[in-house]
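Please look over the structure below.

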Amino acid sequence: MKRTNRSVIPGFGLTTGITLAILSIVVLIPLASLVVFTAHMSLDEIVATITRDRVLSSFRVSFVTAFVASLINAVMGVVLAWVLVKYSFPLKRLIDGMIELPFALPTAVAGIALTTLTADTGLVGGFFAKFGVKIAFTQAGITVALVFIGIPFVVRAVQPVLEKLDPAYEEAAGVLGASRSRIFWKIVFPEIVPAALTGFGLAFGRCLGEYGSVVFIAGNKPFETEIVPLIIMSELQEYDYASATTIALVMLVASFVTLFLVNLIQTRNTRILKGGA
Amino acid sequence: MYKETKSSKAVKWFLIGVSVLFVVLMLLLPLITVITEAFKQGFAVYEKAVTDNYTVKAFWLTLEATALAVVINTVFGLSAAWSLTKFHFRGKKILTTLIDLPVTVSPIIAGLIFLLTFGRQSPIFPLLQDWDVKIVFAVPGIVLATIFVTFPFISRELIPVLEARGNDEEEAAALMGAKGFTIFRKITFPHIKWAFLYGVVLCAARAMGEFGAVSVISGHLRGKTNTLPLHVEILFNEFQYVPAFAVASILVLLAIFILIARSLIEYNGKKKNKVEP
Amino acid sequence: MYVELKNINKHFGNFKASDNVSFGIEKGKLIGLLGPSGSGKTTILRMIAGLETPDNGDIIIDGKVINNVPASKRGIGFVFQSYALFRYMTVFENIAFGLRVLKKSDSEIKDRVAELVKLIGLDGLENRYPSQLSGGQRQRVAFARALAPNPQLLLLDEPFAAIDAKVRQELRHWLKEMIAKLGVTSIFVTHDQDEAIEVADEIIIMNKGRIDQIGKPLDVYSTPKTAFVASFFGQPSIFKDYSKFRRFDAVEGAEQTIVRPEFVKVTKKTEVQKFKNSAEEGVVTDVAFRGSGIELSVLVNGVTLTARRGFDEPSVSVGEKVDVFIYRIFVTAGDNAYLLENKSLREPVVVI
């Protein structure tokens, strides 16, 4: 790494050195060991590992629940952001603060709380049980946990866009005689979409890898409620490091692809945010 | 805002209603559940669970891992922010991406990579044994995994702030012959103080609540490598619900504390930024 | 020469910011480095300060090549375009910063800062923070801060760019006076021609990384050497072919004709004018009030020219036919500029 231009500000060597050293020890070497470990295995072995029915079904469960949860969050996140930015009502600040709860509350705590709530004996689970709907220990339960985990991502992505949205746009359209719903769908909505997509992507990425809140509520029945992190964990408990590592690698690639797509959307998004000024 | 019509008022209260319902059901109810479950059998049982020897040990380990993660990530965050915002060099973009990588990695995989790097399968394992260093299934492993999952939390709060502000002040100070540390202490730090504290709070929140990564690397040794979230899991899986929720309530308390700290910091930071030109 | 640049080259990627730049500055002079944005003037300033390193060439201050002297040891005061005041320090601490770095004693610092605060006329505001000052006051603080360690050379990057028009005028005079009083060699960068003409002892005009012309403001203004300089000053009307304006000599390879407003005399048909005979007829297409007079656009021989008239002269209106006399024009051919005088000026005239 070479500086292309000398700077008068001191500390380049020291800070870059520390940065690279810590980055290598904490991130690069451990991540590389994952690749090194899988490199020992042949392609056939890898394919055989990840095409096992149980593994494939765990991927399906993971993707489906993460997708559904993120979709719910995309809708609810936009609604929440809209309500928090555009309206004023009692206890608004408190609700705004509560949005951040999933970031602050340990996932395991969220997991056991949601499990207890949605179990047949729980407050919410009991209500639904009357109609024969089970939440805990089903894919619905997993989705609930993932909705909890993912909601702040969408709200926090959409909020700043709505705040920056020039009210003059809406007013101008209003003056021109456009109806409220027309203003929303033609003017506001297109501005929100990229932000909501970013939030969706971030939530989806997080949900794919989520473990703590899901492990309790899922019930971990193979083929039904076993998600990818759970299957990695169970392979590890059986000391099958090869399988665990292979599945982990595929998972990692999936999250990187998600991140990459999110970045693409985000770059566009930032341009819009900055362009307004 | 233009005049509210009857129908828009209905829409407003409908959206607020939906939002409040969502927040109450998804966020508030789990929180309340933790507290009510914890005190279900009275205060004495709660007190016994909270002051239990294993709980106290888990608490101190959680604190230790959190403190270490915050310290290391602070050193890293400040170095990386300085290096990435004050200088131009080749590979800067890649470095930025690499720093953000850990948040996209599933916690389970985060634990797994340290298992592979330092565990029995690792090529350096014999070396570690010769030196009598235990990382996997021991405290250092927990600390490493915690640092990994919180890795970019501080640097990514600092970098945008420093980037937005430019380097003129630092250059001016350097031109007058000020040393690197003086420049940092007197000119840079006062500016990033709130962003830094914000990052520390986020880092601490995630560190104390980390479950998946620590779960993989800890080996679940009660009284030795058990953090609070792991202790909650063990108790819950042993059907000791009340003690599980009692321990969880400690984490809830910490989470609420963190949310309040976060709001205060955000408020102060915003106020400060308004005064500035 | 106190400051000398010899064959300086500097690239940023593929962009050539300095193309073989050489010039010298005498001690005690106030120099304006003038050019449009992207002309490389700020790069030159930053290289002299040591904030950038030239690819090759020498920078000499007081007879010593200082290319490898660290910025902080060059004895230079630098005023940033944004001022770069330390916003978490008071005015006092801002000005004292350079002295503290030099480990001066507290009493020395106190005296020097007090002296400077007085000089910039901000007595009593020592404990304010930059955010509590007006733009002009901030600029003065930045100036005092740069001067505090007694630099031998003062560099100012677009010192008036961030100040509103009214205060700018006042600050220009102030700065010129202040620098004359202190006798410190100074270079300031600007893209504003009026500013350079008003403030500088000497102007260096830059374009596309090269130096186009160096000289006293009046010389540069009245006898531009290059096509760029000729078109940069004033409020020129630029057109291609001047052959329709009969009373000017032909120039071989002429590309552009440049006419500044002060070269044009517009008179009403009823007014008396010395060169009425050789004036051409034009039509007023626009009349605009400017702070200092009236600005006219007149269409003559298919070319629109800008001209000025005073408030005290009889008013003209749009559509009016007027007499237009052009005293002189600049004609450019290649990189060169030629000044052509109206031949009528040399002919004996009969006043009617």
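Which residue in S4(C) is the bridge partner of C:Lys6? The partner is C:Asp58. Keep in mind that this is a predicted model.

## The sheet in chain C

Strand S1 (residues 3-12) and strand S4 (residues 56-61) of chain C run antiparallel. They are joined by 5 bridges.

Both strands belong to an open sheet of 4 strands. The order is S2-S1-S4-S5, with antiparallel pairing. Strand S2 (15-25) and strand S5 (64-65) of chain C sit at the edges, and each pairs on one side only. In general, strands of a sheet pair through backbone hydrogen bonds.

## The second largest pocket

The volume of the second largest pocket is about 770 Å³. Its lining holds 30 residues. Closest to the centre are A:Trp82, A:Tyr87, A:Arg180, A:Phe184 and B:Val11.

Which helix gives the largest share of this lining? H10(A) does, with 11 residues. Helix H3 (53-86), helix H9 (167-175) and helix H10 (180-209) of chain A each supply at least two lining residues, as does helix H1 (6-38) of chain B. By type, the lining divides into 19 nonpolar, 4 polar and 7 charged residues.

## Cysteines

Are A:Cys207 and B:Cys203 buried or exposed? A:Cys207 has a relative accessible area of 3%, so this residue is buried. B:Cys203 is buried too, because its relative accessible area is 0%. The cut-off for buried is under 20%.

Definitions and conventions:
Residues numbered from 1 in each chain as written. Chains lettered and ligands numbered in written order. Predicted model: local features only at pLDDT ≥ 70, side-chain atom pairs only at ≥ 80, totals over all residues. Heavy atoms only, no water. Buried < 20%, exposed > 50% of the residue type's maximum accessible area, 1.4 Å probe, protein only. 1 Å grid on protein atoms, 1.4 Å probe; cavity = no way out; pocket = protein on both sides within 12 Å on 5 of 7 lines; lining within 4 Å. Points joined across faces, edges and corners; volume = space filled by probe spheres on them. Nonpolar A, V, L, I, M, F, W, Y, C, P; charged D, E, K, R; others polar. Pairing = 2+ DSSP bridges.
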